[in-house]
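The exercises below are to be worked with the sequence and the 3D structure at hand. Each has a task and a stepwise solution.

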Amino acid sequence: MRALVWHGKEDIRCDTVSDPEIEHPRDAIIKVTSCAICGSDLHLFHNLVPAMLPGDIMGHETMGEVVEVGSAVAGKLKKGDRVVIPFTIQCGECDQCRRGNFSVCQRTNRKGELGDKAFGHRTAGLFGYTHLTGGYPGGQAEYLRVPFADTTHVKVPGGIDDEKLLFLSDILPTGWQAAVQTDVQPGDTVAIWGCGPVGQMAIRSAILLGAEQVIAIDCLPERLSMAAAAGAVTVNFEEESVVERLNALTGGEGPHRCIDAVGTESHVSLSQPDTMLDRAKQMLMQENDRPHVLREMIYVCRPAGVISIIGVYLGLVDKIPMGQAMNKGLTFRMAQAHVPRWTGDLLRRIEDGQIDPSFVITHKADLSRGPEMYAKFRDKADGCIKVMLQP
């Protein structure tokens with residue numbers, strides 16, 4: 001089969017690899033009908049994430065049709081079922097899964113000893129990501145083996161285009177969780193840093209959850225335009241002070257809820273000296289991430305407010321103003337998305353027409369053009385916000 005394969009820094013190739021096979025009774029094989037490139041894939045593309053190996057298959061936003069099931073999956077899935085595959089692999093039986101904390105499933109990381117060393121305790125297995133999370137082959141391919149398939153799937157109906165359903169795999173529930181974990185209340189102002197695909201979903205989620213004012217912060221005109229189309233007030237941080245604008249929009253009190261949809265790679269700008277320092281520290285291997293957004297959120301958030309971190313961080317960060325956070329009484333909530341916790345509700349909202357996630361797609365291409373589309377997505381060329389691939 002064809003698959004997008006990692007060969008090193010900024011070296012993704014469309015290779016011919018072996019077709020996946022059933023390896024365990026809880027496995028299923030799906031024929032991929034659609035997949036996508038995620039911002040988290042760029043962390044791998046840039047080789048910022050450790051424990052990637054040449055030959056690893058990329059991708060964790062995938063949907064398709066079941067073509068084969070293991071003996072333990074019978075009754076849960078059958079040949080011909082149409083499914084979206086969450087990026088998190090969950091057993092459904094451990095203590096964390098029973099609590100709905102699927103992204104930290106205790107059983108599915110098949111290389112959990114690496115996760116234990118890196119994180120203190122292992123997280124769930126993830127598709128198409130680092131060997132710290134299991135090293136499972138991803139779904140930017142013609143076929144995908146789904147382990148723990150009886151619990152790691154979302155059945156979806158016919159008659160709805162892939163474009164509307166694919167993002168149940170990651171960015172829609174991720175953006176939804178980003179908003180939910182702020183505990184949005186009527187009358188609240190929610191500020192969201194980063195208007196990429198997850199930020200766009202968080203904007204619409206905050207509005208659906210009842211926020212009175214949503215403020216979207218970015219520097220790319222096409223992203224800000226997409227945010228404004230949803231009803232957000234937009235702030236271009238390259239043209240105006242984020243702190244001053246947020247104070248003006250909130251009567252000097254700051255937003256009630258702040259969402260970090262940027263994570264490790266804050267934009268490097270001369271107007272933001274801390275980003276320059278962070279970039280220098282990265283080059284000297286003294287720091288992993290550029291946490292400018294996190295610092296700014298702590299500074300501007302209203303006292304007793306909530307900070308929600310859904311942007312991916314990779315390791316050590318520096319100069320975090322914990323004194324400000326503690327004295328202002330801020331609450332922090334963060335996680336990789338617990339996808340199945342949200343998909344039932346979100347699928348109903350898609351079916352009811354409350355949200356159509358396909359708005360975020362700016363580029364569609366055949367899987368064979370994947371390497372080209374990775375470069376376009378990295379460069380944000382041609383107004384690229386989200387790439388959908390089809391084998």
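## Exercise 1: a serine in a strand

Ser-34 lies in strand β3 (residues 28-37). Helices (H or I, at least four residues) and strands (E, at least two) are DSSP runs, numbered from the N terminus. This is a predicted model, in which local features need pLDDT of at least 70 and side-chain atom pairs count only at pLDDT 80 or more, while totals for chains, interfaces and linings use all residues. Residues are numbered from 1 along each chain as its sequence is written, and side-chain values use heavy atoms, with hydrogens and water left out.

**Task.** Determine whether Ser-34 is buried or exposed, and list what Ser-34 is in contact with.

**Solution.** 
Step 1. The relative accessible area of Ser-34 is 0%, so Ser-34 is buried (buried is under 20% relative accessible area, exposed over 50%, partly exposed in between; 1.4 Å probe, protein chains only).
Step 2. Contact means heavy atoms within 4.5 Å. With neighbours within four places in sequence left aside, Ser-34 is in contact with Glu-61, Thr-62, Met-63, Asp-162, Leu-166, Met-388, Leu-389, Gln-390 and Pro-391.
Step 3. The side chains of Ser-34 and Gln-390 are joined by a polar contact of 3.4 Å. A polar contact is a pair of N or O atoms within 3.5 Å; within protein, one must be able to donate a hydrogen and the other to accept it, and residues adjacent in sequence count only if both atoms are side-chain atoms.

## Exercise 2: a serine in a loop

**Task.** Locate Ser-169 and find which backbone oxygen its side chain reaches.

**Solution.** 
Step 1. Ser-169 sits in the loop between α4 (162-165) and α5 (171-180).
Step 2. Ser-169 has a relative accessible area of 0% and is therefore buried.
Step 3. At 2.7 Å, the side chain of Ser-169 reaches the backbone oxygen of Leu-166.
Step 4. Apart from neighbours within four places in sequence, the contacts of Ser-169 are His-60, Glu-61, Thr-62, Val-84, Ile-85, Pro-86, Phe-87 and Val-339.

## Exercise 3: two domains and a pocket

**Task.** State how the chain is divided into domains and where the second largest pocket lies.

**Solution.** 
Step 1. The assignment gives domain 1 (2-170 + 338-390) and domain 2 (172-334); such bounds come from an automatic or database domain assignment.
Step 2. The C-alpha centres of domain 1 and domain 2 are 26 Å apart, and 26 residues of domain 1 are in contact with 19 residues of domain 2.
Step 3. The second largest pocket holds about 810 Å³ of space. Its lining has 26 residues, and the closest to the pocket centre are Phe-119, Val-312, Tyr-313, Leu-314 and Gln-336. Two or more lining residues come from each of α3 (112-119) and β16 (331-334).
Step 4. On a 1 Å grid over the protein atoms alone, a cavity is a set of points where a 1.4 Å probe fits but cannot get out, and a pocket is an open set with protein on both sides within 12 Å along at least five of seven lines; lining residues have an atom within 4 Å of a point. Grid points are joined across faces, edges and corners, and a volume is the space filled by probe spheres set on the points.
Step 5. The lining of this pocket comprises 19 nonpolar, seven polar and no charged residues (Ala, Val, Leu, Ile, Met, Phe, Trp, Tyr, Cys and Pro count as nonpolar, Asp, Glu, Lys and Arg as charged, and the others, Gly among them, as polar).
Step 6. Domain 1 and domain 2 both give residues to the lining, so the second largest pocket lies between them.

## Exercise 4: positive phi

**Task.** Give the phi values of Asn-47 and Lys-319.

**Solution.** 
Step 1. Most residues other than glycine have a negative phi.
Step 2. Asn-47 has a positive phi, near 60 degrees; Asn-47 is in the loop between α1 (39-45) and β4 (56-57) and is partly exposed at 38% relative accessible area.
Step 3. Lys-319 has a positive phi of about 55 degrees; Lys-319 is in the loop between β15 (306-309) and α11 (322-328) and is exposed at 52% relative accessible area.
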